[in-house]
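These are my notebook entries on one structure. I wrote down what I looked up, entry by entry.

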Amino acid sequence: MDILQIVCIGIIAVILTVTIRQQKPEIAMLVSIVAGLLIFVLIVVKLTSVIDFIKTFSRKADIDATYITILLKIAGIAYIAEFGAEVCKDAGESSIASKIELAGKVTIVILAVPIITSLLDLVVKLMP
Amino acid sequence: MLEFLRSWIINIVTISLILILFEIIVPSGKIKKIITLVSGFVLLIAVVNPFLQLKNSNFDLSEAVQADSFYIDQKEVENSSKLLEETQARQIAEVYKKKLALRIEEEAGKLEGVSVTKTTVEINEDYNSEKFGEITKISVELKKASKEKDKKTIEPVVTVEKIDINAGLNKKKEKEKEGLKFVDPEDKRLTELVKQNLNKSLEVNKESIEVTIT
């Protein structure tokens with residue numbers, strides 16, 4: 001039933017913004033941002049169950065927890081950066097949106113550097 | 001051997017399943033490309049890692065990750081501390097300049113019949129050098145109080161140069177005369193006093209003090 005809630009919130013926000021936009025475009029923008037935040041919060045709560053599932057899954061298969069934590073961190077950063085970029089794009093500031101995306105990419109690469117170096121280490125150690 | 005193969009295959013299958021789940025979860029955008037790259041690396045590590053155990057040398061990913069992230073953090077802290085030092089030095093120089101200007105104004109304001117209109121202080125702002133904070137130049141603008149103007153004092157006369165009647169009109173001398181400027185002895189005295197005061201109180205070379213009286 002949650003999907004119904006989310007879709008309703010989305011449709012109501014769209015109707016509101018369309019009607020308000022002619023009179024007050026700045027308030028229409030605010031409405032769209034708030035609707036986006038609401039949907040985001042509703043979805044993030046659901047996401048915890050998926051993450052829990054992944055964690056138990058990996059524990060059962062005896063996978064190193066470091067892989068999972070790094071991947072989860074990367075996913076979180078991607079979510080936050082994408083959300084911020086989308087809000088900026090909605091407000092018509094696509095240049096700021098692209099900067100936010102750039103920041104997200106840089107942080108993800110910083111997180112990924114240990115993985116890349118450890119891969120290199122592995123290859124070097126494998127060589128006779 | 002069979003046990004090793006079994007755990008290896010289970011590992012690969014679960015990690016690839018988790019990665020697929022991840023790719024579904026991750027928002028579709030420009031960042032997705034990088035995430036697929038990183039997840040590919042993770043899968044590669046999971047595939048290669050058991051071979052190391054076969055060679056009897058252990059490889060701990062979490063240790064490597066920690067070492068690398070520690071290195072990155074260290075670099076970050078170093079850079080930010082450098083930046084902080086610079087801004088701190090700049091702020092110190094700014095405050096020092098302001099206080100110096102205030103003190104100079106006080107010092108010069110002690111003289112009677114004179115008010116300070118503007119003081120500028122230049123100091124050595126290179127925080128790496130040992131002489132950081134050394135005063136390089138002081139310029140003080142003084143204004144005579146209006147009271148003096150009201151008093152009816154005898155107007156000073158331009159100091160007259162010796163007139164040489166006999167000598168033919170030397171062009172050079174004429175030019176010199178044109179360049180002659182009237183210097184009020186009172187102004188001279190005030191300038192000297194201000195310079196002396198500043199020299200005493202701040203231990204600044206007299207040559208680097210500039211006083212203008214308006």
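Entry 1

I start with a definition: a residue is buried under 20% relative accessible area, exposed over 50%, and partly exposed in between. I also note that this is a predicted model. I looked up B:Lys137 and found a relative accessible area of 34%, so B:Lys137 is partly exposed. B:Glu210 has 41% and is therefore partly exposed as well. The side chains of B:Lys137 and B:Glu210 form a salt bridge, with N to O at 4.0 Å. This pair joins distant parts of the chain, as B:Lys137 sits in strand 2 (residues 135-144) of chain B and B:Glu210 in strand 3 (residues 209-213) of chain B, 73 residues apart.

Entry 1. Other salt bridges.

How many salt bridges are there over all chains? My search of the whole structure gave 6. One of them is between the side chains of A:Asp2 and A:Lys46, at 2.6 Å from N to O. That pair also links distant parts of the chain: A:Asp2 is in helix 1 (residues 2-21) of chain A and A:Lys46 is in helix 2 of chain A, 44 residues apart. I checked how accessible the two partners are. A:Asp2 is partly exposed, with a relative accessible area of 33%. A:Lys46 is at 42% relative accessibility, so I put A:Lys46 down as partly exposed.

I then looked at B:Glu3 and B:Arg6, whose side chains meet in a salt bridge at 3.7 Å, N to O. Both residues lie in helix 1 of chain B, 3 residues apart, which is about one turn of the helix. B:Glu3 counts as exposed because its relative accessibility is 54%, and the cut-off for exposed is over 50%.

Entry 2. Helix 1 of chain B.

What span should this helix have, and what do its ends show? Helix 1 of chain B covers residues 2-25, which is 24 residues. At 1.5 Å a residue I expect a span of 34 Å, and the end C-alpha atoms are 35 Å apart, so the two values agree. The expected span takes 1.5 Å times one less than the number of residues.

Next I listed the buried residues of this helix: B:Phe4, B:Trp8, B:Asn11, B:Thr14, B:Ile15, B:Ile18, B:Leu19, B:Phe22 and B:Ile25.

The size of an interface is often given as the accessible area lost when the parts come together. Here chain A and chain B bury about 3,700 Å² between them, and 83% of it is on carbon and sulfur atoms. On the chain A side, A:Tyr67, A:Leu71 and A:Leu122 lose the most area to chain B, together 18% of what that side buries. I counted 41 residues from chain A and 39 residues from chain B in the contact.

Polar links across the interface came next. The count is 2 residue pairs in polar contact between chain A and chain B. Helix 2, helix 3 and helix 4 (94-126) of chain A each supply at least two residues of the side that touches chain B. Helix 4 of chain A gives the largest share of that side, 17 residues. By type, the side of chain A that touches chain B divides into 30 nonpolar, 4 polar and 7 charged residues.

How many salt bridges cross the interface of chain A and chain B? The rule finds 1. The side chains of A:Glu101 and B:Lys30 meet in a salt bridge at 3.8 Å, N to O. A:Lys89, A:Glu101 and B:Lys30 are linked in a network of salt bridges.

Is B:Ser39 buried or exposed? B:Ser39 is at 4% relative accessibility, so I count B:Ser39 as buried. B:Ser39 lies in helix 2 of chain B. Apart from its neighbours within four places in sequence, B:Ser39 is in contact with A:Leu71, B:Leu19 and B:Glu23.

A:Ser118 lies in helix 4 of chain A. A:Ser118 has a relative accessible area of 1% and is therefore buried. The side chain of A:Ser118 reaches the backbone oxygen of A:Ile115 at 2.8 Å.

Key:
Residues are numbered from 1 along each chain as its sequence is written. Chains are lettered from A and ligands numbered from 1 in the order in which they are written. This is a predicted model: local features need pLDDT of at least 70, side-chain atom pairs count only at pLDDT 80 or more; totals for chains, interfaces and linings use all residues. Side-chain values use heavy atoms; hydrogens and water are left out. Helices (H or I, at least four residues) and strands (E, at least two) are DSSP runs, numbered from the N terminus. Buried means under 20% relative accessible area, exposed over 50%, partly exposed in between (1.4 Å probe, protein chains only). Contact means heavy atoms within 4.5 Å. Buried area is the accessible area (1.4 Å probe) that two parts lose on being put together, summed over both. A polar contact is a pair of N or O atoms within 3.5 Å; within protein, one must be able to donate a hydrogen and the other to accept it, and residues adjacent in sequence count only if both atoms are side-chain atoms. Ala, Val, Leu, Ile, Met, Phe, Trp, Tyr, Cys and Pro count as nonpolar, Asp, Glu, Lys and Arg as charged, and the others, Gly among them, as polar.
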